[in-house]
Amino acid sequence: MSCEKFTNWAGDKGIHIPSSALTLAKIKEGEHLDFHVADDVIVTMKHQMTAMELIHSIHALTTLSGKLLDYLIETCPRCEQCCGETCPYDEDDEDDNLPDLLREDNLDEAEHHDIYDVPEEMLSLLRSAGVCPGALEDRLMSDAIIYG
């Protein structure tokens with residue numbers, strides 16, 4: 001299975017899906033499409049799929065999810081590499097052991113995120129993948145571009 005990336009720009013008239021992307025996705029002209037929308041992502045899928053088409057979709061999304069996780073892993077080293085032997089973000093510690101900066105609510109939430117904005121199940125997944133929450137916190141606070 002091939003998973004290709006196409007770059008496009010959203011404009012006032014929406015976006016245009018290149019015909020080559022539709023061909024690779026085996027989507028025919030006039031076929032109904034579903035758009036699954038969440039913060040920062042739109043997934044386009046066929047409106048009706050066979051079991052094999054659904055399996056291909058699950059495989060493609062799982063592969064993409066792994067690649068996106070790799071971007072975070074590459075930019076957020078393991079705790080031993082950035083925090084030393086004891087990480088202030090150790091999941092076994094109580095909240096009162098987290099750095100004071102994280103407890104302060106004086107940042108403009110529209111412009112900055114912190115570790116508390118990451119859903120708990122995602123934070124658990126990221127920790128198990130080796131992402132240091134301290135390094136992740138730095139990326140969240142700086143709004144640094146780490147993909148694209």
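I looked for salt bridges and the count came to one; the rule wants a side-chain nitrogen of Lys or Arg within 4 Å of a carboxyl oxygen of Asp or Glu. This is a predicted model, where local features need pLDDT of at least 70, side-chain atom pairs count only at pLDDT 80 or more, and totals for chains, interfaces and linings use all residues. I number residues from 1 along each chain as its sequence is written, and side-chain values use heavy atoms, with hydrogens and water left out.

**The pair.** Which residue does E53 bridge to? I found K46, with the closest N and O atoms 2.9 Å apart. Side chains of opposite charge can pair when their charged atoms come close. Next I checked accessibility: buried means under 20% relative accessible area, exposed over 50%, and partly exposed in between (1.4 Å probe, protein chains only). K46 counts as buried because its relative accessibility is 11%. E53 has 25%, so I put it down as partly exposed.

**S57.** I found S57 in helix α2, residues 51-75. My helices (H or I, at least four residues) and strands (E, at least two) are DSSP runs, numbered from the N terminus. Is S57 buried or exposed? It is buried, because its relative accessibility is 17%. Contact means heavy atoms within 4.5 Å. Skipping neighbours within four places in sequence, I see S57 touching M45 and M49.

**H36.** This one sits in strand β1. H36 has a relative accessible area of 43%, so I call it partly exposed. Again leaving out neighbours within four places in sequence, H36 is in contact with V41, I42, V43 and M45.

**Helix α6.** Why is α6 (residues 133-142) largely enclosed by the rest of the structure? Because seven of its ten residues are buried. I listed them: P133, G134, A135, L136, E137, L140 and M141. Just after α6, I noted that D143 takes a positive phi of about 55 degrees.
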